[in-house]
Amino acid sequence: MRHLMSPLDFTVEELDKLFNLANDIETNPKKYAHSCDGKKLATCFYEPSTRTRLSFEAAMINLGGHVIGFSDASCSSASKGESVSDTIRMISCYADICAMRHPKEGAPMVAASKSRIPVVNAGDGGHQHPTQTLTDLLTIRSLKGRLNNFTIGLCGDLKFGRTVHSLIHALERYDNISFVFISPEELKIPDYIIEMLKEKNIPYKEVIRLEEVMPELDILYMTRVQRERFFNEEDYVRLKDFYILNKEKMALGKEDMLVLHPLPRVNEISVEVDDDPRAAYFRQVQYGVYARMALILTLLEIDIDSL
Amino acid sequence: MLNIGQIEEGFVLDHIKAGKSLSIYHHLQLDKKDCTVAIIKNAKSDKMGKKDILKVECDIEEMDMDVLAVIDHNITVNVIKGGEIVAKQELTLPKEVKNIFRCKNPRCITSIEQELPHIFILGDEAKGNYRCKYCEEKCTDVIGDNFLFR
């Protein structure tokens with residue numbers, strides 16, 4: 001039995017297989033509509049996350065399965081002081097697979113160690129969010145046709161953004177990827193990631209202004225720059241416009257560039273960009289459902305051709 | 001020069017960084033043992049200039065050498081039997097340590113889950129870096145705040 005705790009739990013070959021399955025689901029959704037008949041997904045969300053939870057639930061329902069669970073710790077026995085280990089032992093009796101989000105880092109790993117069913121980490125504090133990374137990789141692979149030979153710009157909060165860190169770790173396993181880090185000084189990418197890139201001779205550069213590098217990017221991954229991350233209001237006001245993507249900045253980009261964003265978007269991508277064919281962030285949400293469908297089938301070891 | 005007699009049965013920890021012997025004394029929980037212990041501070045050393053030495057008259061098997069290794073794996077361990085050195089024990093960094101450090105990350109599951117062991121995994125062997133198995137937070141101060149027995 002396998003669990004998914006980190007995006008690196010799967011080898012590049014295993015990811016390829018999973019993405020091929022996701023693309024087949026995209027092309028032939030009817031073929032998979034009953035592949036999880038009689039199966040139950042438990043969504044154990046100890047903190048609210050509408051987007052990820054609904055994506056998991058939609059994925060299971062699309063496969064013909066059912067969903068049980070809770071969407072807030074106050075609705076679960078955690079509010080009575082039940083441990084994660086005890087909760088998962090109970091959930092193991094009710095469901096066939098569990099997606100767990102928890103504010104404490106490592107909670108899904110503790111659950112996996114006591115579980116009789118596969119556990120998927122649906123986000124643990126600021127630590128990992130592997131299904132977002134699977135979504136990002138599937139989107140790039142599906143829309144670009146490859147996961148190698150490109151320059152990716154990561155823009156915004158690169159210091160605290162777990163999706164950015166996970167994506168870098170996942171992409172450094174592919175050939176000929178260059179990274180461009182676009183952020184204010186206060187939100188620069190952590191040193192340990194720079195050290196890792198240096199050790200592996202992976203090209204990267206760090207810049208402050210998005211305009212400077214727009215023409216060289218094949219993919220632009222936007223994240224939110226939050227006001228509360230700045231030491232003072234003055235710096236925030238001075239810098240925030242550098243990280244807002246609008247039509248003018250898009251005009252500097254390549255014709256086949258892709259713009260991704262883990263969402264929710266606040267104001268860092270102007271609404272005027274939404275109609276640009278290069279804006280892929282809503283298609284990315286759809287790929288999130290396909291990625292989770294493929295993941296559920298993989299972890300439940302359901303082979304559609306043998307059904 | 002101060003002379004300390006030989007021990008008959010036990011072990012000698014040599015090449016301890018000067019000033020660290022008392023901390024090792026506590027981390028090995030020698031304060032809870034009934035055996036004879038000599039703590040020698042600031043002894044002259046050709047290799048180190050100054051060093052500390054601990055002479056302990058008890059069976060080395062009773063000691064948790066993993067604790068010693070994570071504190072300083074450059075310490076020399078001489079096993080003494082019948083007043084003679086019979087073996088030199090190498091200290092190697094254990095790949096995984098259980099309940100030696102505690103994770104200081106307030107967002108880590110170890111901060112709330114009942115009776116969950118604090119497990120750290122060795123990352124970079126050269127630097128001796130340990131990270132929490134659950135949240136991957138680095139153990140920053142192996143003989144300071146991270147230490148579980150403090």
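Q: What divides chain B into domain 1 and domain 2?
A: The bounds come from an automatic or database domain assignment. For chain B that gives domain 1 (10-89) and domain 2 (94-150). Taken over C-alpha atoms, the centres of domain 1 and domain 2 of chain B are separated by 24 Å.

Q: What should I know about the model and its numbering?
A: This is a predicted model, where local features need pLDDT of at least 70, side-chain atom pairs count only at pLDDT 80 or more, and totals for chains, interfaces and linings use all residues. Residues are numbered from 1 along each chain as its sequence is written, while chains are lettered from A and ligands numbered from 1 in the order in which they are written.

Q: Why are S1 and S4 of chain B called paired strands?
A: A strand is a DSSP run of E with at least two residues, and a helix is a run of H or I with at least four, both numbered from the N terminus. Two strands pair if DSSP finds at least two bridges between them. S1 (residues 10-17) and S4 (residues 76-81) of chain B have five bridges, so they count as paired. Their sense is antiparallel, and B:Leu13 has B:Val77 as its bridge partner in S4(B).

Q: What makes S5(B) a partner of S4(B)?
A: Five bridges join S4(B) to S5 (residues 84-89) of chain B, and the two run antiparallel. Here B:Ile80 stands opposite B:Ile85 in S5(B). The hairpin of these strands has two residues between them, and B:Gly82 takes a positive phi near 55°.

Q: How do you know which residues belong to the contact between chain A and chain B?
A: Two residues are in contact if their C-beta atoms, placed from the backbone, lie within 7 Å. By that test, the contact takes twelve residues from chain A and twelve from chain B. On the side of chain A that touches chain B, H3 (84-94) and H4 (107-114) of chain A each supply at least two residues. The largest share, three residues, comes from H4(A).

Q: What makes the residues on this side of chain A nonpolar, polar or charged?
A: Ala, Val, Leu, Ile, Met, Phe, Trp, Tyr, Cys and Pro count as nonpolar, Asp, Glu, Lys and Arg as charged, and the others, Gly among them, as polar. The side of chain A that touches chain B therefore divides into four nonpolar, six polar and two charged residues.
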